[in-house]
Amino acid sequence: MSWNPAISIAPVTRLWRTLAFRLTAGYALAGLFLVFCATASLYLVLLTELERSTDLFLADKLHVLRTMLRERPNDWDALREEVELESAARRYEHFYIRLLDEGNTPLLTTPGMAEQLDLTDFASQIQSHPGRTTPMMGRNGQPFRVTSAAAPVGSPPTHTDTIQIAIDVSQQEELLARFRRRALAILLGAFAVLPLIGYWIARHGIRPVEAIAATAGQISSTNLRERIHPEGYPFELASLAGTFNKMLDRLEESFERISRFSADIAHDLRTPVNNIRGEAEVALASARTIDEYREIVGSCLEEAVRLSNLIGDLLFLARADSPLTHLHRERVNVAELLGGVREYYEVSAADGGISLTTALASEPVMAELDRTLMQRAVGNLVANAVTHTPPGGSVVLAGSAEGATVRIEVIDTGVGIPPEALPKVFDRFFRVDTSRSQASGNTGLGLAIVQSIMLLHGGKAEIASQPGQGTRVTLRVPVSATSSR
Ligand SMILES: Nc1ncnc2c1ncn2[C@@H]1O[C@H](COP(=O)(O)OP(=O)(O)O)[C@@H](O)[C@H]1O
Ligand SMILES: [Mg+2]
């Protein structure tokens, strides 16, 4: 069967993709590298120190012999003791000395030197490195270090002898070999143990990530309450868990809002439908006059209009939420727009005994707006103002330019909104006085629609109110479409 590289490489690449493996591999490699460097440098230090101590020993011996030759050239007993006996007294690190006269005739030789060393080879080794210590192999394979020096004899010197010294360094070689074996064992041990430690550290570090993933995997719309508990997590992962928890908070809030919204829709749809049903049941219960039928049908129509308005508002909000919604922007004279809204509500304001006026900047304010939507937004605000202002009060529609922004304000002297309700008035289906508003057919969608229209324009609606004094709603929209969608 032919070898398919894709099959055998796949598990390795899969393994390489795991964070635990990468951390383990990185840790193990770094650890091995450090252990290797440490043992290698210790080995080098040991090697050079051993060589240095041998060289010092040889230099010392040379110095002693030279001094003896110079000071007491005829004291043969002392020389013989130094050359022939001292080495024999040693158990390890045997050294061998040869004393040659000017004609290279051996005067004194440590016994056994010729058996241990090839003396011609010895002489040529020394000649090729004059005055230096060099390594050399003995006859039986043991390692030596050898050196030589000229020794002027007599004071003043009358002739020159040569001293040749060799020292057996097999003990040192053995020490180095032992060190190498130990170092290899340490490296192999590190090779076996470091990946295990690395793997343990990696698993330990990754565990919070796995916990986060497990929690994320369990989240569905029914258990959005689930949270990660980042106690004991490292700082970075605790902040990730915190971010994740905050995202869940927002999701939970959105889901709650949506389900509250659906409940509110169902509730608001049920009232008019129940009313229509009740009217129809009453109408069918017994024979009625034409006028009674007319009244019942009229009342049903009223409910149907309320129902269709509510559905229209809901549809509008649903469409405004869609990212595909586009505005039909045109150049709009803000004064004209406000004038149109004022005219539309003039009659109902007059019926309520409220003065409805516009306050406009002297220069015309032009902006690129969706006229119908802006009329609807301002209309909703004026309707609210007129509804909540007692007779004798006033409602002012103001328009002005604020740099690249148009500011439209609807200011009334009505009943105002309690401070605790103020942050919620833009929420869908929120009404301050639920019973009264529902009876009058208000759905609580008016200000939500205003805010949606503002967001579509890239603007914002704000509200300020003093209970008993009045309310001011401010709309700010960019003059041109460039900064909005
Ligand atoms: N100008 C205002 N003065 C006093 N209260 C207001 C004013 N505008 C809005 N509100 C309060 O805010 C609530 C939400 O307004 P809105 O979204 O238009 O709903 P709706 O008018 O259908 O009740 C209203 O129920 C009302 O209590
Ligand atoms: Mg309203």
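Q: How far does a backbone N or O atom of G446 lie from an oxygen atom of ligand 1?
A: The distance is 3.4 Å. Keep in mind that this is a predicted model.

Q: And how much of ligand 1 does the protein cover?
A: The protein covers 96% of it. On its own, ligand 1 has 530 Å² of accessible area.

Q: What about T443, how far is its backbone from the ligand?
A: A backbone N or O atom of T443 lies 3.2 Å from an oxygen atom of ligand 1. For V432, the value is 3.4 Å, again from a backbone N or O atom to a ligand oxygen.

Q: How many residues surround ligand 1, and which are the closest?
A: There are 17 around it. The closest are N384, D412, V432, G444 and L447.

Q: What classes make up that shell?
A: The shell has 9 polar, 6 nonpolar and 2 charged residues.

Q: Which pocket does the ligand take up?
A: Ligand 1 takes the space of the largest pocket.

Q: Which elements give two or more residues to the shell?
A: Those are α10, spanning 371–387, and α12, spanning 446–456.

Q: New topic. What domains does the chain have?
A: The domain assignment gives domain 1 (21–177), domain 2 (235–319) and domain 3 (326–483).

Q: How far apart are domain 1 and domain 2?
A: Their C-alpha centres lie 106 Å apart.

Notes:
Residues numbered from 1 in each chain as written. Chains lettered and ligands numbered in written order. Predicted model: local features only at pLDDT ≥ 70, side-chain atom pairs only at ≥ 80, totals over all residues. Heavy atoms only, no water. Near = heavy atom within 4 Å. Polar contact = N/O pair within 3.5 Å; in protein donor to acceptor, adjacent residues only side chain to side chain. Areas by Shrake-Rupley, 256 points an atom, 1.4 Å probe, with all protein chains shown as cover. 1 Å grid on protein atoms, 1.4 Å probe; cavity = no way out; pocket = protein on both sides within 12 Å on 5 of 7 lines; lining within 4 Å. Sits in = over half its atoms within 2 Å of the grid points. Helix = DSSP H or I, 4+ residues; strand = E, 2+ residues; numbered from the N terminus. Nonpolar A, V, L, I, M, F, W, Y, C, P; charged D, E, K, R; others polar. Domains from an automatic or database assignment.
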